[in-house]
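Have a look at the sequence and the model first, then try each task before reading its solution.

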Amino acid sequence: MDAVRLIVTSRRALAGSGGAPEIMTEVWQAQALAQAMGSRLAVFGPPELRGEALGLTELAGRGCGVLDTPVLADGDLRAAQLTELGDARQALMQLGSLLGEVGIALVGVASAADDEARYWQCMEAIDAADESRDRVLEMQRRLADRDQVLAEREAG
């Protein structure tokens with residue numbers, strides 16, 4: 001499945017999740033998908049994105065690592081369904097939105113946390129999602145810079 005479809009599915013699932021356990025599962029799914037996309041971009045993406053894509057892979061992996069690994073039915077891991085990136089710009093735009101929504105959802109869970117461990121788990125996951133989003137925004141900027149250089153070459 002292409003990246004944009006998986007991200008849209010993740011965004012809908014996050015928006016439709018009810019309590020903290022469902023939200024945390026969707027946050028983990030989103031981070032796993034970001035990690036998979038980072039790996040894919042590092043190998044198959046434009047050369048300008050490879051360093052940032054590796055960074056995204058590491059940060060999103062950290063985001064998964066601070067959360068409890070959810071129990072998922074066979075075939076429910078969205079990151080494993082990623083078969084193609086499609087348009088990198090569109091995929092990165094959607095991923096950036098998803099990671100922003102992840103941060104907002106985690107703030108809600110942290111605010112309602114009844115134990116300190118859950119609160120700090122959310123804080124670390126918020127940090128990882130925010131840093132992952134920063135990497136995505138940097139990759140978008142690099143794509144825009146590359147496109148500008150190409151346009152100037154064609155015009156000149």
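**Exercise 1. Find the helix that holds G63, and decide whether G63 is buried or exposed.**

Step 1: G63 lies in helix α3. Helices here are DSSP runs of H or I with at least four residues, strands are runs of E with at least two, and both are numbered from the N terminus.

Step 2: The relative accessibility of G63 is 0%, so G63 counts as buried. The cut-offs are under 20% relative accessible area for buried, over 50% for exposed, and partly exposed in between, with a 1.4 Å probe and protein chains only.

Step 3: From G63 to A80 there are 17 residues in sequence and 17 Å in space, C-alpha to C-alpha.

Before going on, please note that this is a predicted model, in which local features need pLDDT of at least 70 and side-chain atom pairs count only at pLDDT 80 or more, while totals for chains, interfaces and linings use all residues. Residues are numbered from 1 along each chain as its sequence is written, and side-chain values use heavy atoms, with hydrogens and water left out.

**Exercise 2. Work out how α1 packs against α2 and against α4.**

Step 1: Helix α1 (residues 3–16) and helix α2 (residues 20–44) meet at an angle of about 165°, and their axes are 9 Å apart. Axes are lines fitted to C-alpha atoms, for helices over the stretch in contact, and angles run from 0 to 180 degrees between N-to-C directions.

Step 2: That angle makes α1 roughly antiparallel to α2. The classes are roughly parallel under 35 degrees, roughly antiparallel over 145, roughly perpendicular from 65 to 115, and oblique for the rest.

Step 3: α1 and α2 cross in a left-handed way. Left-handed means that the near helix is turned anticlockwise from the far one by less than a right angle, and right-handed that it is turned clockwise.

Step 4: For α1 and α4 the angle is about 20°, with the axes 9 Å apart. These two helices are therefore roughly parallel to each other, and the crossing of α1 and α4 is left-handed.

**Exercise 3. Describe the contact of α4 with α5.**

Step 1: Helix α4 (residues 88–112) packs on helix α5 (residues 116–155) at an angle of about 160°, with 9 Å between the axes. α4 and α5 are therefore roughly antiparallel to each other.

Step 2: The crossing of α4 and α5 is left-handed.

Step 3: The contact of α4 with α5 has 20 nonpolar, five polar and four charged residues. Here Ala, Val, Leu, Ile, Met, Phe, Trp, Tyr, Cys and Pro count as nonpolar, Asp, Glu, Lys and Arg as charged, and the others, Gly among them, as polar.

**Exercise 4. How many disulfides are there, and how many aromatic pairs?**

Step 1: The disulfide count is zero, where a disulfide is a pair of cysteine sulfur atoms within 2.5 Å. The sulfur of C122 is 14 Å from the closest cysteine sulfur, in C64, which is too far for a bond.

Step 2: C64 counts as buried at 10% relative accessibility, and C122 counts as buried at 0%.

Step 3: The whole structure holds one aromatic pair. The ring centres of Y119 and W120 are 5.0 Å apart and the planes stand at 85°, so the pair is edge-to-face. Rings of Phe, Tyr and Trp (its six-membered ring) pair if their centres lie within 6.5 Å; planes under 30 degrees apart are stacked, over 60 edge-to-face, and the rest tilted.

Step 4: Y119 is partly exposed at 32% relative accessibility, and W120 is partly exposed with a relative accessible area of 46%.
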